[in-house]
Amino acid sequence: MDLSDISKVKQLVEACIKGERKSQKQFYQMFYGKMLASCMRYAENREEAKDIVHDGFIKVFANLKDFGFKGSLEGWVKRIVTNTAIDAVRKKKTFLVELEDNKNYDGIIDDYSDNMEYEHLLNVKVEIIMKLIQKLSPMYKMVFNLYVFEELTHKEIAEQLNINIGTSKSNFAKARKNLIKLFENYNNGNE
């Protein structure tokens, strides 16, 4: 289904709200692949990502009546599924926040796109990058994903994860540094 055809999208959403299984299945299938890819960035493995997607869609269907067509349906679904992934990581309580309150991180630069140090990563296949991201510690992975893929600011990340802005910046900087090391190991065949 073409998401730009608002009338068809509205019909589908209304049918889903009414509980029509065929429409719900179509809706689920429309977004499943993208949402699974998004959850793979947070989960430890594919099975966990599938569970998160499933839980996310339960929330999507429960709240679909509140969508209101004021923005992108895909963006709305992605936000719910991403929040579900973040909640799943929080519940596992396996990540440790690198709290270093005594240090000042105001000087950490957010814009890394013009940094020559990272230029060699630009031509790497997405699958390889995703595999390397999975090797980051849970907190580094979460901050990296929220900043790079979800395009949240460090302030928004700090609010969402209940950490301070400096911690978000620090974890992001360390995640980048670790990714570079992981990439170098991968290139050298020391994966």
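I'll start with a contact between side chains: Glu-150 and Arg-41 form a salt bridge, with N and O 2.7 Å apart. Bear in mind that this is a predicted model. The two partners come from distant parts of the chain, 109 residues apart. Glu-150 is in the loop between α6 and α7, and Arg-41 is in the loop between α2, residues 21-40, and α3, residues 46-63.

Are these two residues buried or exposed? Both Glu-150 and Arg-41 are buried. For Glu-150 the relative accessibility is 11%, and the cut-off for buried is under 20%, so Glu-150 falls in that class.

Glu-150 has another partner. Its side chain also meets that of Lys-78 in a salt bridge, at 3.9 Å from N to O. Lys-78 sits in helix α4 and Glu-150 in the loop between α6 and α7, so this pair ties together parts 72 residues apart in sequence. On the cut-off, a salt bridge needs the nitrogen within 4 Å of the carboxyl oxygen, and the value for Glu-150 and Lys-78 is 3.9 Å. Lys-78 is partly exposed, at 26% relative accessible area, whereas Glu-150 is buried.

Which residues do the shared partners join into one network? They are Arg-41, Lys-78 and Glu-150.

Lys-59 pairs with Asp-87, and their closest N and O atoms are 3.8 Å apart.

Now to the helices on either side of the Glu-150 loop. Helix α6 covers residues 138-148 and helix α7 covers residues 154-161. They pack with their axes 10 Å apart, at an angle of about 135°. Angles over 145 degrees would count as roughly antiparallel and 65 to 115 as roughly perpendicular; α6 and α7 are therefore oblique to each other. The crossing of α6 past α7 is right-handed.

What does α6 bring to this contact? It brings Met-139, Met-142, Val-143, Leu-146 and Tyr-147. These meet His-154, Ile-157, Gln-160 and Leu-161 of α7. By class, the contact residues are seven nonpolar and two polar, with no charged residue.

Definitions and conventions: Residues numbered from 1 in each chain as written. Predicted model: local features only at pLDDT ≥ 70, side-chain atom pairs only at ≥ 80, totals over all residues. Heavy atoms only, no water. Axes fitted to C-alpha atoms, helices over the stretch in contact; angles between N-to-C directions. Helix = DSSP H or I, 4+ residues; strand = E, 2+ residues; numbered from the N terminus. Parallel < 35°, antiparallel > 145°, perpendicular 65-115°, else oblique. Left-handed = near helix turned anticlockwise from the far one by under 90°. Contact = heavy atoms within 4.5 Å. Nonpolar A, V, L, I, M, F, W, Y, C, P; charged D, E, K, R; others polar. Buried < 20%, exposed > 50% of the residue type's maximum accessible area, 1.4 Å probe, protein only.
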